[in-house]
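Here is a short briefing to read alongside the model.

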Amino acid sequence: MPETAQNLAAIRSAIARAERDFGREPGAVQLVAVSKTVPADGILPALQAGQRLFGENYVQESAAKWPALRERFPDAELHLIGPLQSNKAREAVSLFDVIHSLDRPSLAKELAKEIDRTGRAPRLLVQVNTGDEPQKGGVSPAEADAFLSACRDSYGLPIAGLMCIPPSEDLPSPHFGLLGQIARRNGLELLSMGMSGDFEPAIQLGATHVRIGTAIFGARAPKADETRGAIRSP
Ligand SMILES: *Cc1c(COP(=O)(O)O)cnc(C)c1O
């Protein structure tokens, strides 16, 4: 078995074990394999091993890699998990099945426009900046309820759930707990939380989607925006 397939099998069984240990329904947690910076021929073994949900951070990179992969695997589902610039909304709506990083009115407006225009409607998650970190995307927890109402009422966008990336220096569980609270009081079902280093506590606290990259594909060469923490343009 190639290493990627082995890693994938190990992660799948760790997810299944966490579901059992924490009293979650079997299959309640979906694995989003994060393939950013991984070339197409590195993604192939994961597809061949049956993985179908993939997460990418960059619209341009995804547009270059995925159309050809999807021709071979039409049931692959593509998730945008990185920050999205409003001027890339059109390309994002045409490319992605799920967008995890909706976090501001200007982007909601552009997405609504593209969804109207094309009839294509990716599922949308609102990113919450649970640590209120200035350099990170996401709405502040204090503004989440108002933003969720605005998405529904002002932009006509159905929101399926929430996403967060806890500050790297914090224990993640309080952030996962907070995200769960905001989802519950807003009647939202999906919780995208937990990465290679912290997916087990995320599953304990209700994650429906875990986003796992390095534990499947190995270490990535650091990109500038990961070392300084994803600065987004307005
Ligand atoms: C890169 C990335 C991941 C995957 O992180 P790993 O630590 O490699 O598992 C998950 N979520 C987001 C938003 C990311 O940018």
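## The ligand shell and beyond

The residues of the shell around the ligand divide into five nonpolar, four polar and three charged. Please keep in mind that this is a predicted model. The notes below begin with the ligand, go on to the nonpolar core, and then visit some individual residues.

**Around the ligand**

- The residues that surround the ligand are Val34, Lys36, Asn57, Ile81, Ile165, Met195, Ser196, Arg211, Ile212, Gly213, Thr214 and Arg220.
- Asn57 brings a polar side-chain atom to 2.8 Å from an oxygen atom of the ligand.
- From Ser196, a polar side-chain atom lies 2.5 Å from an oxygen atom of the ligand.
- Gly213 takes part through its backbone, with a polar atom there 2.8 Å from an oxygen atom of the ligand.
- How much of the ligand does the protein bury? Taken alone, the ligand exposes 390 Å², and the protein buries 90% of that.

**The nonpolar core**

- The largest nonpolar core has 61 residues, and Leu102 and Leu162 are those with the most contacts inside it.
- Setting aside neighbours within four places in sequence, the contacts of Leu102 include Leu107, Ala108, Leu111, Leu124, Leu125 and Val126.
- Also in contact with Leu102 are Gln127, Phe147, Cys151, Leu157 and Ile159.

**Ser86 and Arg104**

- Ser86 sits in the loop between strand E3 (77-80) and helix H4 (89-95).
- The side chains of Ser86 and Arg104 are joined by a polar contact of 3.4 Å.
- A polar atom of the Arg104 side chain also lies 2.8 Å from the backbone oxygen of Leu84.
- Leaving out neighbours within four places in sequence, Ser86 is in contact with Arg104, Ser106, Leu107 and Glu110.

**Helix H3: Ala68 and Arg70**

- Ala68 lies in helix H3, which spans residues 59-72, and Arg70 is found in helix H3 too.
- Ala68 counts as exposed because its relative accessibility is 52%, whereas Arg70 is buried, with a relative accessible area of 19%.
- Not counting residues up to four places away in sequence, Arg70 touches Ala76, Glu77, Leu78, Leu95 and Asp97.
- Arg70 and Gly119 are 49 residues apart in sequence, and their C-alpha atoms are 20 Å apart.

**Helix H4: Ser94**

- Ser94 has its place in helix H4 and counts as partly exposed, at 47% relative accessibility.
- The side chain of Ser94 reaches the backbone oxygen of Glu91 at 3.0 Å.
- Ile115 is 21 residues from Ser94 in sequence, and the C-alpha to C-alpha distance between them is 9.1 Å.

- Which phi value does Thr37 have? Phi of Thr37 is near 65°, a positive value in a residue other than glycine.
- Thr37 is in the loop between strand E1 (30-34) and helix H2 (40-48), and at 28% relative accessibility Thr37 counts as partly exposed.
- Asp132 is not a glycine either, and has a positive phi of about 45°.
- The loop that holds Asp132 runs between strand E5 (123-127) and helix H6 (141-153).
- With 46% relative accessibility, Asp132 counts as partly exposed.

**An exposed proline**

- Pro26 is placed in the loop between helix H1 (3-21) and E1.
- Why does Pro26 count as exposed? Its relative accessibility is 74%, and exposed means over 50%, so Pro26 counts as exposed.
- Pro26 and Asp97 are 71 residues apart in sequence, and 24 Å apart in space from C-alpha to C-alpha.

Methods
Residues are numbered from 1 along each chain as its sequence is written. This is a predicted model: local features need pLDDT of at least 70, side-chain atom pairs count only at pLDDT 80 or more; totals for chains, interfaces and linings use all residues. Side-chain values use heavy atoms; hydrogens and water are left out. A residue is near a molecule or strand if one of its heavy atoms lies within 4 Å of it. A polar contact is a pair of N or O atoms within 3.5 Å; within protein, one must be able to donate a hydrogen and the other to accept it, and residues adjacent in sequence count only if both atoms are side-chain atoms. Accessible areas come from the Shrake-Rupley method with a 1.4 Å probe; for residues, only the protein chains shown count as cover. Ala, Val, Leu, Ile, Met, Phe, Trp, Tyr, Cys and Pro count as nonpolar, Asp, Glu, Lys and Arg as charged, and the others, Gly among them, as polar. A nonpolar core is a set of buried Ala, Val, Leu, Ile, Met, Phe, Trp, Tyr and Cys residues joined through side-chain atoms within 4.5 Å. Buried means under 20% relative accessible area, exposed over 50%, partly exposed in between (1.4 Å probe, protein chains only). Contact means heavy atoms within 4.5 Å. Helices (H or I, at least four residues) and strands (E, at least two) are DSSP runs, numbered from the N terminus.
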